[in-house]
Amino acid sequence: MASEYASSAQQSRDPSTDPHHVVEGELTWLVRAVGLAIGGLLAVGVILGLYHGLTFGGGVRSQLAHGLLVAQVMFAAVLIMLGSIVEGFGFGLALGTRWPYTKNIVVLMLRGDPEAAHRVVATLVGLVGVALAITHPAYEMFLGLGLIVATALFGMGVLYVLAGRAPAIVHGTHGLLAYLVFMAYLLPLAHANIGLGLYLKIIIPTHPLLFAVFMGGVVTGGRGFGEALGQFTVPERKPQWIVALHGIAGLMVVGTLGWYMPTYPVAFALVLVQVGVGFLLFQAVNLKPKAPGAIVAFHQIMALLITTAIVMQWQF
C-alpha cells in the first residue's frame, strides 16, 4: 500500500508520468538545438526592444512603449515558430489537455519541452500586450491585447482538436488569430497612421494570405493528431479535400501578389518558394505523421516572412 501511495504521489509531482501528460515527441538533439535558436531569437527581441526604445525620440513613456512594441513583434513571431515546432516534432499533446499551465512548466521548458516553452512565451506576449496597453493606451494596443486573449482561448481549443474532441476549424482560427496578433503589432512600425482594420480592408493581398493561414491550421486539425493525409490525385476523404482547398488558397496568394507586382517583389518570390516547401511538407506528413520534422517550422517561418514582406513592402 505504501509503495502504491508513493507511486501515486510521484505521478502527481512529475508531469511526465501523469496520464494526462502525453508526450508523443522525443527530445532529440535537433529539438534542443531548435529550442536554443528560439531562445536566441527571444534574446534578440529584448536587445532590439532596448535599442529602439533608447534611441526613440520623445519622453521616457514613449521610449518604453516603442521598445516594448519592437520586442512584441519579435515575441509574437517566436510564439508562432514555437507552435510549428510543437507540431513538427510531435509535442502537440505533450501537456495533455490541461491549460494553460501544468506543474513544473518552467522546469519542463528548461528541459527542452517545446509545448511548455510555447505556453510560457504566450504568457510573455500577453504581459507585454498589457504593458503596451498601459504605456500607450491607444485603440490599436487594446485591439492587439484583445486578439492575444482570443488567440489564447482558441489555443486551449486546439488541444481538444488534437485530442479529437473539437472541430478542425478551431485550429484554423487559432492560427489566423496568431497572425493577426503579429500583424497588429508590426503594422504600427510600418504604417503608424493606418489601423489594422483599415489596412486589412484596403490591402488586398492580405485576404488570400490570411485565408491560406487559416486553411493551414484546418489541415493540421482536420487530419488529427498523428494521422497521415495519404497520397491522392483526386481528393477522396475530408482531410484531403481540406488540403486541396489549402493548396487553392496558396495559389490565390501567388496570383494576387503577381497581379499587384511590382509592389511586392520579395513577397512574391517568397511565396513561390513556399509552394515548393508546401509540397515537401505534404510528403513529410505522410512519411512521419506524428512528427514531420523541421520542415513544419520552415514552412511557418516562410509564412511569417511573406507576411512581413507584404506589410513592410520589402523591395529587392
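Student: Let's start with helix 10 and helix 11. How do their axes cross?
Tutor: Keep in mind that this is a predicted model. The axes of helix 10 (residues 238-259) and helix 11 (residues 265-287) come within 9 Å and cross at roughly 165°. Angles over 145 degrees count as roughly antiparallel, so helix 10 and helix 11 are roughly antiparallel to each other.

Student: Is that crossing left-handed or right-handed?
Tutor: Helix 10 and helix 11 cross in a left-handed way. On the helix 10 side, the contact is made by Val-243, Val-253, Val-254, Leu-257 and Gly-258. Helix 11 brings Ala-267, Phe-268, Val-271, Leu-272, Val-275 and Phe-282.

Student: What classes of residue are in that contact?
Tutor: The contact of helix 10 with helix 11 has 10 nonpolar residues, one polar and no charged.

Student: And what's in the loop between those two helices?
Tutor: Pro-262 is found in the loop between helix 10 and helix 11. A cis peptide bond joins Met-261 to Pro-262, with omega at about 5°.

Student: Okay, new pair. How do helix 3 and helix 7 lie relative to each other?
Tutor: Helix 3 (residues 60-88) and helix 7 (residues 168-190) have axes that cross at roughly 150° and come within 9 Å. Helix 3 and helix 7 are therefore roughly antiparallel. Their crossing is left-handed.

Student: Which residues make the contact there?
Tutor: From helix 3, they include His-66, Leu-69, Val-73 and Ile-80. From helix 7, Phe-182, Tyr-185 and Leu-189 are among them. By class, the contact of helix 3 with helix 7 divides into 14 nonpolar residues, two polar and no charged.

Student: Now the largest nonpolar core. Which members touch the most others?
Tutor: Phe-182, Tyr-185, Tyr-199 and Ile-310 do, in a core of 66 residues. Helix 3 gives the most to this core, with 15 residues.

Student: Where's the second core? Which residues does it include?
Tutor: The second core is separate and has 15 residues, including Ala-168, Phe-214, Val-277 and Val-296.

Student: Back to Tyr-199. What does it touch?
Tutor: Not counting residues up to four places away in sequence, Tyr-199 touches Met-183, Leu-187, His-191, Ile-194, Thr-206, Ile-310 and Val-311.

Student: What about His-118, buried or exposed?
Tutor: His-118 is found in helix 5 (residues 114-135). Buried means under 20% relative accessible area, and His-118 has 15%, so His-118 is buried. Leaving aside neighbours within four places in sequence, His-118 is in contact with Leu-79, Leu-82, Gly-83 and Val-86.

Student: And Gln-63, where does that one lie?
Tutor: Gln-63 lies in helix 3. With 22% relative accessibility, Gln-63 counts as partly exposed. Beyond four places in sequence, Gln-63 touches Gly-53, Leu-54, Phe-56 and Gly-58.

Student: How far apart are Gln-63 and Tyr-51?
Tutor: They are 9.9 Å apart in space, C-alpha to C-alpha, and 12 residues apart in sequence.

Student: Last one: what's the phi of Gln-313?
Tutor: Phi of Gln-313 is near 50°, a positive value in a residue other than glycine. Gln-313 is found in the segment after helix 12 (294-312). With a relative accessible area of 34%, Gln-313 is partly exposed.

Note on methods
Residues are numbered from 1 along each chain as its sequence is written. This is a predicted model: local features need pLDDT of at least 70, side-chain atom pairs count only at pLDDT 80 or more; totals for chains, interfaces and linings use all residues. Side-chain values use heavy atoms; hydrogens and water are left out. Axes are lines fitted to C-alpha atoms, for helices over the stretch in contact, and angles run from 0 to 180 degrees between N-to-C directions. Helices (H or I, at least four residues) and strands (E, at least two) are DSSP runs, numbered from the N terminus. Angles under 35 degrees count as roughly parallel, over 145 as roughly antiparallel, 65 to 115 as roughly perpendicular and the rest as oblique. A crossing is left-handed if the near helix is turned anticlockwise from the far one by less than a right angle, and right-handed if clockwise. Contact means heavy atoms within 4.5 Å. Ala, Val, Leu, Ile, Met, Phe, Trp, Tyr, Cys and Pro count as nonpolar, Asp, Glu, Lys and Arg as charged, and the others, Gly among them, as polar. Buried means under 20% relative accessible area, exposed over 50%, partly exposed in between (1.4 Å probe, protein chains only). A nonpolar core is a set of buried Ala, Val, Leu, Ile, Met, Phe, Trp, Tyr and Cys residues joined through side-chain atoms within 4.5 Å.
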